[in-house]
Amino acid sequence: MVFRWHQTVSFMVALLAPFVRAGNVTALTGTWTTKANTVFTGPGFYDPIDELLYEPKLPGLSMSFTDDGYYEEAFYYVISQPSNPTCPIALLQFQHGTYEIASNGSILLYPFAVDGRQLVSDPCTSEESVYSRYSQFVVYSGWDITIDDYRGQYKLQLYKFDGSPMNPMYLVYLPPLMLPTVTMNPTASATSAATASSTAAKAKSRLKRSFENRSKTDAIKRPVIDGIFWWYIGMIMMIGGGGAFLFLQRQNMCE
């Protein structure tokens, strides 16, 4: 009987394929940003103490997720106007709150309604930007995390509620770079005036410490992939080595 070593190797690859391809290659936890790498969540985008939104150098999106169900998003859009291309509209949005991964794989974002902020700048209609509250419940119909072959980073692909893909984002900080995961601007409508005042004071104190410790964050930039990459390499080397061994065994049998 002729020993077909290549069939054995193919069988090994097929056997290992589900473990290599199934699911996402890393957790959702961390801070993700789009290709421009200029927009990041955290105190560098929104200052809740002085109510300021900082405009990044280039447009982009950033999202952060924690292991215990909190999220934060920082969006900076520049929208061109076909009727007047020299007058683009700049839009900055901040939201944070809790998230849930549904049984069908979709991601549901529940914002802290009183904390969201939006800044709209339209230089052709007004010399002043419009600053306002912003709250939007968001549904992403699906998501997947892969390793980008070109950048060598984890890539998060989110899909809008209608299934259309968003711009991919890449993992840049782990643990995530975020503002405190509490309601930072509590209102009296949600509780009594005395309780609201106390909660607000505690939130402001925590935020102040957060800003004072910006340079001491334990969030670490993740420019390259880690152990998962070497796991892939190990699998490839094992399969290749096994194939080579079987080939040499077959050669010895034929002599």
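A contact is a pair of heavy atoms within 4.5 Å. By this rule, and not counting residues up to four places away in sequence, Phe65 touches Leu28, Thr29, Gly30, Trp32, Tyr70, Tyr71, Tyr99, Leu109, Leu156 and Pro176. This is a predicted model, in which local features need pLDDT of at least 70 and side-chain atom pairs count only at pLDDT 80 or more, while totals for chains, interfaces and linings use all residues. Residues are numbered from 1 along each chain as its sequence is written, and side-chain values use heavy atoms, with hydrogens and water left out.

**Overall architecture**

- The protein chain has three helices and 14 strands; helices (H or I, at least four residues) and strands (E, at least two) are DSSP runs numbered from the N terminus.
- Of the 255 residues of the protein chain, 37% count as buried. Buried means under 20% relative accessible area, exposed means over 50%, and partly exposed lies in between (1.4 Å probe, protein chains only).
- Among contacts in the protein chain with a separation of 6 or more, 61% come from residues 24 or more positions apart.

**Nonpolar cores**

- A nonpolar core is a set of buried Ala, Val, Leu, Ile, Met, Phe, Trp, Tyr and Cys residues joined through side-chain atoms within 4.5 Å.
- The largest such core has 20 residues, and those with the most contacts inside it are Trp32, Met63, Phe65, Leu109, Tyr140, Leu156 and Leu158.
- Two or more residues of this core come from each of strand E4 (60-65), strand E5 (70-79), strand E7 (107-111), strand E10 (138-140), strand E12 (154-159) and strand E13 (169-174).
- Apart from this core lies another, of twelve residues, among them Val39, Phe45, Phe94 and Leu119.

**Aromatic rings**

- The structure holds five aromatic pairs. Rings of Phe, Tyr and Trp (its six-membered ring) pair if their centres lie within 6.5 Å; planes under 30 degrees apart count as stacked, over 60 as edge-to-face, and the rest as tilted.
- Phe65 and Tyr99 form an edge-to-face pair, with 5.1 Å from centre to centre and 80 degrees between the planes. This pair links distant parts of the chain, since Phe65 is in strand E4 and Tyr99 is in strand E6 (residues 89-101), 34 residues apart. Both Phe65 and Tyr99 are buried.
- The ring centres of Tyr110 and Phe137 are 5.3 Å apart and their planes are at 40 degrees, so this pair is tilted. Tyr110 lies in strand E7 and Phe137 in the loop between strand E9 (130-133) and E10, 27 residues apart.
- Tyr110 is partly exposed, with a relative accessible area of 34%, and Phe137 is also partly exposed, at 41% relative accessibility.
- Leaving aside neighbours within four places in sequence, Phe137 is in contact with Leu108, Leu109, Tyr110 and Pro111.
- The charged end of Arg151 sits over the ring of Tyr170, 4.1 Å from the ring centre. A charge sits over a ring if NZ of Lys or CZ of Arg is within 6 Å of the ring centre and within 35 degrees of the ring normal.

**A buried glutamate**

- Glu72 lies in strand E5 and counts as buried because its relative accessibility is 1%.
- A polar atom of the Glu72 side chain lies 2.9 Å from the backbone nitrogen of Leu179.

**The disulfide**

- A search of the whole structure finds one disulfide, defined as a pair of cysteine sulfur atoms within 2.5 Å.
- This disulfide joins Cys87 to Cys124, with an S to S distance of 1.2 Å. The link is right-handed, with 110 degrees about the S-S bond.
- Cys87 is in the loop between E5 and E6, and Cys124 is in the loop between strand E8 (117-121) and E9, 37 residues apart.
- Cys87 is buried, with a relative accessible area of 2%, whereas Cys124 is partly exposed at 45%.

**Backbone details**

- The peptide bond from Leu174 to Pro175 is cis, with omega near 0 degrees. Pro175 lies in the loop between E13 and helix H2 (193-212).
- Asn37, a residue other than glycine, has a positive phi, near 60 degrees. Asn37 is found in the loop between strand E1 (30-33) and strand E2 (46-47).

Technical notes
A polar contact is a pair of N or O atoms within 3.5 Å; within protein, one must be able to donate a hydrogen and the other to accept it, and residues adjacent in sequence count only if both atoms are side-chain atoms.
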